[in-house]
Amino acid sequence: MSIRENMNLSDFYNGNEFEMYTYLGAHRAHDHHVTFRTYAPSAKHVSLIGSFSDWTEVPMHPIANGQFYEASVPAAEGDLYKYRIYTNDYDFIDHCDPYASWAEVRPATASRIFTSSYAFHDEEWFNRKDHSEHEPMNIYEVNLGSWHLKEDDEWYNYEELAEMLVKYCKENNYNYLELMPITEFPNDASWGYQPTGYFAPTSRYGTPDQLRYLIDACHQASIGVILDFVPVHFAIDGFALNNYDGTPLYNYPNDAVGKSEWGTCNFQHSRGDVRSFLNSSGYYWLKEFHFDGLRLDAVSNLIFWQGDSNRGVNNETVNFIKNFNGGLKQRLPHALLFAEDSSSYPGVTKKLEEGGLGFDYKWDLGWMNDTLDYFKKTSAERKENYHKLTFSMYYFYNEHYLLPLSHDEVVHGKKTIIDKMYGEYEDKFKNARAFYMYMFAHPGKKLNFMGNEIAQFREWDEKREQDWDLLKYPLHDAFNHYFKDLSKLYLEHPSLSAHDYDLSGFEWIDCHQEDKAVYVFERRCEDERTIFFFNFSSEEQTYAYSNAQQEHFIPLLDSNAKIYGGENDAEDAFDISHTKAFTLDPLSAKAYLIK
């Protein structure tokens, strides 16, 4: 990535710049020199300090319209630096570089010079046909620092994780990996959601080129990679963006809207320079690191003032979203954009030209809440709350939804997915197996957080690795076997994804068995039909299935099979001519291919 020698001030101040990182930051110039540039419009003056100058000040001179500062000095790869920003002749604060491409490992806070030398080998991945909403998407959400740890509880680096994650995703039939935020952040307990470096992958796990290696390895194994991106707010720490030039340059001057519910600083998206900063960050990760998409965190906090619909729509921020999404799509049409949005704001996944926000997918948090609440209930309560599971299909076609079981559902006393299930130990597994077949059969792309696939009972803790020892226990090992087979079923059968967002792809066969807690529905595409039977009651149920013509049923998956910790032997294929009485085990699900 070469340094840009000039910039379009109009685009920058109007919020239409997407490559500001090629102008600002630290860039290799010539004769072992590095050129440093920063934007500090209200500063009295700015100096550069770093390991290359024994931390003595190197004056930076104003350039462009006088709101930017530049210095060029001899410096080596890996050298540390900061900007000393004076608010008057005497007072200053030392800041890390907002556009730095690397940083010290926390708790240290300096920026670090880094020039990428990585050459990607993922041409085949990007030359494939563009991702389509008609393809399956099975996403594995991971926190890199607590997925696996070394014996001394040290982190693996990006490169070491590459081989492990690729192998694991392939074995477990995930075709996408979503990384929780890795833009540099100071506090492990924030999980990356309070960033300080919007252009620097966290140094906890190695160098930026080691991250490139991880993404490249995933692509070569036909696994897409999504980055969790935080465009709403940033860390309050004074060494970073907060009051960068002595004034609230990136955030609001008014704390009533300038401070978030998380104790962070809200971006002031009405400022064009702030929009250009975030535009450039989003483009940077997609372009320079080859991420396939961005999952935008807390979109409802962008749409509404402080995320509160009662305070009204923040039109400036909505305009930012549209410009951000449109600009990225214009430059990288293949980029995938996901909205983590808990609001009912319409048109989130409509195209911009149709008046929408331009996202590809929206997290269906309503489905998540209703479904998990249902499975916490007793058998009798499920019959009373039968339509909690049918409600999602009333609104599903309003947006392009993704079904998420993310890290948010396994922390803060909420219990893990397996532990949310009603019942004693073994019944929790029966419930979970049936629940997950319902999830994978339901229209919409899928996301699961690490640990869900091994039925982990302990809530996620960023300081500990997953409880992999659980796989030594038969029920957990059988559950993991089931999860792999269910994921494989989802990837291999086009009826489960080809028409997710088309009325032709789903049909209720029966959603009025309130007294039995039985549900039956069909998924379809041009070349395939699959049918699913669910009994979510604790009693065995008989269900009479009728059809007008003979159908050949091929068993695909039985959540109560012995190989998964259940009780049933493998089932042979059979024909139905008109009517058949199905015996449905308690807390069970079955899938069939129809010929």
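**Note on the predicted model: burial, helix packing and selected residues**

1. At 0% relative accessibility, Leu 302 counts as buried. The residue belongs to helix H7, which covers residues 299-303. Setting aside residues up to four places away in sequence, Leu 302 touches Pro 231, Val 232, His 269, Asn 314, Thr 317, Val 318 and Ile 321. Asn 369 stands 67 residues from Leu 302 along the chain, and the C-alpha atoms of the two are separated by 22 Å.

2. The next point concerns the protein as a whole. Its secondary structure comes to 14 helices and 29 strands. For 595 residues, a compact globule would have a radius of gyration near 25 Å, and the 26 Å of the protein agrees with this. Taken along the principal axes, the box filled by the C-alpha atoms is roughly 85 × 50 × 45 Å.

3. How much of the protein is buried? Of its 595 residues, 61% count as buried. The accessible surface comes to about 22800 Å², and carbon and sulfur atoms account for 46% of that area. As for contacts between residues at least 6 apart in sequence, 71% of them join residues at least 24 apart.

4. Helix H9, residues 365-375, gives a local view of burial. This helix is mostly covered, since 8 of its 11 residues are buried. The buried residues of H9 are Leu 365, Trp 367, Met 368, Asp 370, Thr 371, Leu 372, Tyr 374 and Phe 375.

5. Helix H13 (residues 425-441) packs with helix H14 (residues 474-492) at an angle of about 10 degrees, and their axes are 10 Å apart. Why is H13 described as roughly parallel to H14? The angle is about 10 degrees, and angles under 35 degrees count as roughly parallel; therefore H13 is roughly parallel to H14. On the H13 side, the contact is made by Tyr 425, Glu 426, Phe 429, Ala 432, Arg 433, Ala 434, Tyr 436, Met 437 and Phe 440. On the H14 side, the contact is made by Leu 475, His 476, Phe 479, Tyr 482, Phe 483, Leu 486, Ser 487 and Tyr 490. The residues of this contact divide into 13 nonpolar, 2 polar and 2 charged.

6. Asn 242 is a buried residue in a loop. Its relative accessible area is 12%, so Asn 242 is buried, and its loop runs between strand E15 (233-234) and helix H5 (255-258). Which residues does Asn 242 touch, not counting residues up to four places away in sequence? They are His 95, Phe 234, Ala 235, Ile 236, Asp 237, Asn 251 and Cys 265. His 269, 27 residues from Asn 242 in sequence, is 15 Å from Asn 242 in space, C-alpha to C-alpha. His 269 is also one of the residues that Leu 302 touches.

7. Is Asp 527 buried or exposed? With a relative accessibility of 73%, Asp 527 counts as exposed, because exposed means over 50%. Asp 527 is placed in the loop between strand E23 (518-525) and strand E24 (528-535). The C-alpha atoms of Asp 527 and Gly 358 are separated by 31 Å, and the two residues are 169 residues apart along the chain.

8. Two residues have a positive phi although neither is a glycine. For His 290, phi is about 65 degrees. This residue is found in the loop between helix H6 (272-289) and strand E17 (293-296), and at 17% relative accessibility His 290 counts as buried. For Ala 455, phi is about 55 degrees. Ala 455 lies in the loop between strand E21 (445-449) and H14, and its relative accessible area of 2% makes Ala 455 buried.

9. The backbone also holds a cis peptide bond. Where does this bond lie? The cis bond runs from Arg 106 to Pro 107, with omega near 10 degrees. Pro 107 is placed in the loop between strand E8 (92-95) and strand E9 (111-112).

Conventions: Residues are numbered from 1 along each chain as its sequence is written. This is a predicted model: local features need pLDDT of at least 70, side-chain atom pairs count only at pLDDT 80 or more; totals for chains, interfaces and linings use all residues. Side-chain values use heavy atoms; hydrogens and water are left out. Axes are lines fitted to C-alpha atoms, for helices over the stretch in contact, and angles run from 0 to 180 degrees between N-to-C directions. Helices (H or I, at least four residues) and strands (E, at least two) are DSSP runs, numbered from the N terminus. Angles under 35 degrees count as roughly parallel, over 145 as roughly antiparallel, 65 to 115 as roughly perpendicular and the rest as oblique. Contact means heavy atoms within 4.5 Å. Ala, Val, Leu, Ile, Met, Phe, Trp, Tyr, Cys and Pro count as nonpolar, Asp, Glu, Lys and Arg as charged, and the others, Gly among them, as polar. The radius of gyration is taken over C-alpha atoms; the globule rule is 2.2 Å times the number of residues to the power 0.38. Buried means under 20% relative accessible area, exposed over 50%, partly exposed in between (1.4 Å probe, protein chains only). Accessible areas come from the Shrake-Rupley method with a 1.4 Å probe; for residues, only the protein chains shown count as cover.
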